[in-house]
Structures are given as structure tokens and as C-alpha cells.
Amino acid sequence: MSKIVSAMEARQNFGSLLNQVALKEEEVVIERAGKPLARLVSVSVASSGKLDFRDIGKLPNQIWEQQD
């Protein structure tokens, strides 16, 4: 189960959240105004998705477009 924190709490306790994610392999969902914005997971969990920043050139071009 994911731990849910507000964006403010994530900003204030980022180091602690990193430890929870890295050492305990917990997942943290960051919300703003009650809406999920991001998910913080350990590298071991994220690597199962096979995204490696060394392969950044293989990503689709539309992810680099500015969002309004």
C-alpha cells in the first residue's frame, strides 16, 4: 500500500521520504489539493519498467513539449 503525502509535506520531509522509499522499499504518492501528482518509488521498483536515462534518446519527442 502506498503512503500518501501532500506536496508541502513532501517538500518539508523529503530526506525522510527518500529513506522510506530506498530502505524500506515503500511507495509514496504525492498529492496537491487532493489529486495525485507524482509517485516516489525505489530504483529497484522503477527499474522493472526498463526506463534507463542512458537511453533518453529513445523517449518520444512529445514528452519534451512544454505543458501549459
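Which residue is the bridge partner of I4 in strand 2?

**Before selecting anything**

This is a predicted model, in which local features need a pLDDT of at least 70 and side-chain atom pairs count only at pLDDT 80 or more, whereas totals for chains, interfaces and linings use all residues. Residues are numbered from 1 along each chain as its sequence is written, and side-chain values use heavy atoms, with hydrogens and water left out.

Colour the chain by pLDDT, the predictor's confidence in each residue on a scale from 0 to 100. The chain averages 79, and 65% of the residues score at least 70. Confidence is highest in helix 1, at 95, and lowest in helix 3 (residues 43-46), at a mean of 67. Where pLDDT is low, the predicted coordinates should not be read in detail.

**The whole chain**

Switch to a cartoon, taking helices (H or I, at least four residues) and strands (E, at least two) as DSSP runs numbered from the N terminus. The chain has 3 helices and 3 strands, and from the N terminus on the elements run β-α-α-β-β-α. With buried defined as under 20% relative accessible area, exposed as over 50% and partly exposed as in between (1.4 Å probe, protein chains only), buried residues make up 16% of the 68 residues.

**The sheet**

Select the strands next, where two strands count as paired if DSSP finds at least two bridges between them. They form an open sheet of 3 strands in the order 1-2-3, with mixed pairing. Strand 1 (3-6) and strand 3 (35-40) stand at the edges with a single partner strand each, so one side of each is left without a neighbour in the sheet.

Strand 1 and strand 2 pair in the parallel sense over 4 bridges, and here the opening question is settled: I4 has V29 as its bridge partner in strand 2. On the other pairing, strand 2 (residues 28-32) meets strand 3 in the antiparallel sense over 5 bridges. Show V28 opposite L40 in strand 3, then I30 opposite A38 in strand 3. Follow these two strands to their hairpin, which has 2 residues between the strands and in which A33 takes a positive phi near 55 degrees.

Show the side chains of L17, Q20 and V21, which are buried in helix 2. They cover an arc of only 90 degrees around the axis (taken from the directions from the helix axis to the C-beta atoms), which puts them on the same side of helix 2. What covers the buried residues of helix 2 includes strand 1, helix 1 (7-12), strand 2 and strand 3. Just after helix 2, select E25, which takes a positive phi of about 55 degrees.

**A last stop at S42**

Finally, centre on S42, in the loop between strand 3 and helix 3. Is S42 buried or exposed? At 7% relative accessibility, S42 counts as buried. Leaving aside neighbours within four places in sequence, S42 is in contact (heavy atoms within 4.5 Å) with V21 and E25.
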